[in-house]
Amino acid sequence: MSKLLRTGLNAGDSAPMAVVGGEGVYFHLSDGRKLIDGSNTGGGLGHRHPAMVEAIRRAADTPVVNEGWTWIGREQAADDLMATAFAGEEDWVGAVRFCISGSEANDMALSLCQALTQRSALATRERAYHGITGLSRSMTVQPQWHGGLAVHAGGSKLPAPMAPARVLPAPDGAIYGAPANNTPPSEYLADAARLLSDTAATIIDYTQGGIYYDGAYQDEVARYAREASSYWIADEVVTGAGRAGRWFAFQGAESRPDIVTLGKSLGGGAAAVAAVVVSKDIVERLKGSSWQNYGTLRGHPISMAAVSAYLKVVTDEKILAHVQMLEALFTRRLLAIAQKHPSVQRVAGQGLHWTVELHGPDWRTWRADTTEVPIASRVAERALEAGAVIGTSGEQTSLFLAPPLVISEREATLLLDALDYGLDIADREHG
C-alpha cells in the first residue's frame with residue numbers, strides 16, 4: 001500500500017496513471033504506453049526540452065540562496081521577465097517578486113491588497129479557481145475545490161473561509177453553446193459597484209471553470225474596481241507566459257492590472273516557480289515599508305535559471321506565433337466535434353487551453369463527495385485508449401485540453417482525435 005497521500009484530476013477513487021518518463025509532448029507510462037500529454041498546464045515546453053534540461057543542469061551547481069539573500073540569477077530573471085514578457089508595458093509595470101506556486105502567488109497578492117487598503121473582503125467571478133492556499137482558497141468558488149474533505153459517503157467538511165468573498169457574474173464567450181442573447185457586460189455587471197464597494201481586491205482569471213478572456217468584461221470590471229478603490233489582480237497563472245497566444249491574456253483589452261500573478265509554465269515545466277508582478281503605483285506605496293512575507297525557497301537559483309531559459313526559448317522558437325496558429329486549428333476542429341457529439345453542451349477556449357462541457361448535472365451541485373466516476377472522467381479514460389491524456393480538473397461534466405505549447409499540428413490532430421473517440425461514451429449515456 002502506498003504511503004503517499006495523493007489526489008487526481010479525474011474524479012473517483014482509482015489511482016492515477018503511473019508516469020515513469022516523458023519526451024516532448026509524450027508521457028511514458030509504467031505499462032509501456034506513450035500518451036500525448038493533453039492536460040498539463042505546468043509543462044509549457046513539454047518534457048525534457050533540451051534548453052530547459054541544460055539550464056537546470058548548470059543551475060544545480062549553484063549555492064542554496066534563500067529569499068533573504070541577493071542572488072545574481074534572481075536579479076537576472078526579474079530583468080528578463082520585464083524585458084521580454086512585459087515589453088511594451090513599461091509605462092505601468094513596476095517590479096516582481098518570485099515565489100513557488102500559483103496558489104501562493106495569489107495568496108501573496110491578495111494579502112498585500114488587504115494590507116494596503118485595510119479592507120478584508122475580496123472579489124472574484126463566478127466559477128473561479130485561484131488556488132487552495134490561504135486567501136486563494138477563499139477566492140476559489142468552484143464548489144469541489146474548497147481545500148477541505150469531500151467525504152465519499154456524501155457531504156463535505158470545509159475549513160473556515162479566510163475572507164468574505166464577493167462573486168461577480170461571469171462572461172460566457174463560448175464558440176459553441178453560448179446563450180442566444182449576448183448580453184453586454186455593462187448589463188450583467190450592473191450590481192458590481194455595490195459588490196466591490198468594500199473590497200480590497202478584485203481578482204479575475206481567464207480559463208477556470210471554462211470561462212475565458214473577454215476584453216469588454218475585463219475593462220468593465222477594471223473600471224468598477226478602480227471606482228471602488230479595489231485593486232485589480234489579473235490571475236495569469238494558467239494563461240500567462242504564452243498559453244493565451246500572447247504573453248498575457250489581459251493584453252487583449254485597454255485596461256491594465258495593478259497586480260499580475262504568474263505560475264505554471266513560467267519555469268518551462270522544469271522548476272516550480274511563480275511570481276507576483278506589481279505596478280509602479282504599488283511600488284511607490286511600498287516605499288518606507290517592508291513587505292513581511294517570506295519563503296525560504298522562493299527565487300531559488302534553479303527556479304530562476306528555469307525562468308530565464310523559458311523566456312528565451314519562447315522568444316527564439318517563436319512559440320507565441322505557433323500557439324496562435326494552433327488556436328485556429330483547435331477552434332475549427334472543436335466546433336466540428338461539438339456539432340458531431342450530442343453530449344457536448346458547450347465549448348470555449350483561447351490559445352492552447354480549451355474546455356469541453358458535457359450535458360449533465362449543474363456544476364454548482366458538484367462537490368466530488370462520492371466514489372462514483374463522473375462522465376467527464378470516463379470520457380478521459382476512454383481517450384487514453386486512443387493515445388492521449390485529457391484533463392477534467394476534478395469536475396463532473398467538464399474536460400479541458402492544455403497541451404504543451406510546442407505540440408505539432410500532427411500531434412494536436414491526434415489529441416483532438418482522441419477527444420472525438422472518448423466522447424462516444426458520453427453520447428451513449430446522453431441518449
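Student: Where is the place of T41?

Tutor: Helices (H or I, at least four residues) and strands (E, at least two) are DSSP runs numbered from the N terminus, and T41 has its place in the loop between β3 (34-37) and α1 (50-59). This is a predicted model, in which local features need pLDDT of at least 70, side-chain atom pairs count only at pLDDT 80 or more, and totals for chains, interfaces and linings use all residues. Residues are numbered from 1 along each chain as its sequence is written, and side-chain values use heavy atoms, with hydrogens and water left out.

Student: Is T41 buried or exposed?

Tutor: Buried means under 20% relative accessible area, exposed over 50%, and partly exposed in between (1.4 Å probe, protein chains only); T41, with a relative accessible area of 11%, is buried.

Student: Which residues is T41 in contact with, leaving aside its neighbours within four places in sequence?

Tutor: Contact means heavy atoms within 4.5 Å, and with those neighbours left aside, T41 is in contact with V238, R243, K264, S265, H353, F400 and A402.

Student: At what angle do the axes of α11 and α12 cross?

Tutor: Axes are lines fitted to C-alpha atoms, for helices over the stretch in contact, and angles run from 0 to 180 degrees between N-to-C directions. The axes of α11 (residues 375-385) and α12 (residues 409-430) cross at roughly 135° and come within 7 Å. Angles under 35 degrees count as roughly parallel, over 145 as roughly antiparallel, 65 to 115 as roughly perpendicular and the rest as oblique, and α11 and α12 are therefore oblique to each other.
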